Amino acid sequence: MNKLSDWERIAGVDFLKKAGIKKGNKVLEFGCNDGNYTIPASAVVGEKGTVFAIDENKTAIGQLKEKIRPLKYDNIEIIGTNGALNFNLCDDFIDFVMLYDVLHYFNIKHRRILYKEVFRILKPDSVLSVYPKHIIGNFPLMEFKNVTLNELVNEIQDAGFKYSGKICSKLSHDSHLEEGCIINFVKKPRYR
Ligand SMILES: C[S@@+](CC[C@H](N)C(=O)[O-])C[C@H]1O[C@@H](n2cnc3c(N)ncnc32)[C@H](O)[C@@H]1O
């Protein structure tokens with residue numbers, strides 16, 4: 001069985017509280033991999049909350065299933081997918097969405113589809129939280145090779161979210177810890 005890291009058990013829990021997750025929340029992590037953030041989120045939301053964890057990587061999902069066995073709360077719903085950008089979740093249902101180290105997989109067209117879907121499932125005034133890895137100045141990669149932080153913030157705001165601040169901390173990235181910042185946005189009621 002994969003052992004939980006100290007970060008997943010302790011520092012990650014403190015960090016996600018600072019990021020805005022609360023007891024009883026319904027949280028979605030899209031692109032959860034083996035759960036570096038899903039696992040601490042489970043501890044924060046507690047027995048009345050739920051963490052929906054989506055990933056298309058079957059190996060990672062298998063590892064996550066192993067890792068969550070000994071957890072205190074049975075509150076993680078793992079959703080394996082074929083990579084679809086629409087989720088089987090109701091409108092205005094989720095309190096906090098994590099898009100951590102995942103947006104660089106998608107071109108602008110697909111990112112816009114993803115933002116729209118996140119907007120649909122989030123409750124009004126709830127939080128979209130992004131860990132903007134691999135933009136210019138931060139080991140640029142894949143679809144973010146030419147994207148700046150400002151451009152990313154603007155495209156998310158254009159999708160109906162309002163930037164609400166950044167939280168910097170020691171964060172988990174792949175299999176190591178590093179200093180980094182997540183950026184938060186609030187879903188603003190749509191002028192439909
Ligand atoms: C770099 S990992 C980040 C994992 C985790 N969020 C973290 O920060 O530790 C990105 C994850 O996104 C997943 N992913 C990429 N595209 C996806 C898609 N279309 N649907 C579901 N998962 C996807 C990958 O399989 C991978 O596990």
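Predicted model: local features only at pLDDT ≥ 70, side-chain atom pairs only at ≥ 80, totals over all residues.

Modeller: Residues are numbered from 1 along each chain as its sequence is written, and side-chain values use heavy atoms, with hydrogens and water left out.

Biologist: How do you know that a disulfide joins Cys168 to Cys181?

Modeller: A disulfide is a pair of cysteine sulfur atoms within 2.5 Å. The sulfurs of Cys168 and Cys181 are 2.0 Å apart, so by that cut-off they count as a disulfide. A search of the whole structure finds one disulfide. Cys168 lies in strand S6 (residues 161-173) and Cys181 in strand S7 (residues 176-187), 13 residues apart. Strands here are DSSP runs of E with at least two residues, helices are runs of H or I with at least four, and both are numbered from the N terminus.

Biologist: Why is the disulfide of Cys168 and Cys181 called right-handed?

Modeller: The torsion about its S-S bond is about 100°, so it gets that label.

Biologist: And what makes Cys181 partly exposed?

Modeller: Buried means under 20% relative accessible area, exposed means over 50%, and partly exposed is in between (1.4 Å probe, protein chains only). Cys181 has 25%, so it counts as partly exposed. Cys168, with 43%, is partly exposed too.

Biologist: Why is helix H2 said to be largely enclosed?

Modeller: Seven of the eight residues of H2 (residues 38-45) are buried, so the rest of the structure largely encloses it. Among those buried residues are Thr38, Ile39 and Pro40. They pack against several elements, including helix H1 (6-19), strand S2 (50-55) and helix H3 (58-68). Just after H2, Gly46 takes a positive phi of about 70°.

Biologist: What makes S6 and S7 a pair?

Modeller: Two strands pair if DSSP finds at least two bridges between them. S6 and S7 have twelve, so they pass, and they run in the antiparallel sense. Ile167 stands opposite Ile182 in S7. In the hairpin of S6 and S7, two residues lie between the strands, and Asp174 takes a positive phi near 55°.

Biologist: How about S5 and S7: how many bridges join them?

Modeller: Four, and these strands are antiparallel as well. Leu128 has Phe185 in S7 as its bridge partner.

Biologist: Why is the pair of Trp7 and Phe15 called tilted?

Modeller: Rings of Phe, Tyr and Trp (its six-membered ring) pair if their centres lie within 6.5 Å; planes under 30 degrees apart count as stacked, over 60 as edge-to-face and the rest as tilted. For Trp7 and Phe15 the centres are 6.4 Å apart and the planes are at 40°, so the pair is tilted. Both Trp7 and Phe15 are buried. The rings of Phe30 and Phe87 have centres 5.3 Å apart and planes at 45°, so they are a tilted pair too.

Biologist: Last one: how do you know that the charged end of Lys187 sits over the ring of Phe119?

Modeller: The rule asks for NZ of Lys or CZ of Arg within 6 Å of the ring centre and within 35 degrees of the ring normal. The charged end of Lys187 is 4.6 Å from the centre of the Phe119 ring, and it sits over that ring.

Key. Contact = heavy atoms within 4.5 Å.
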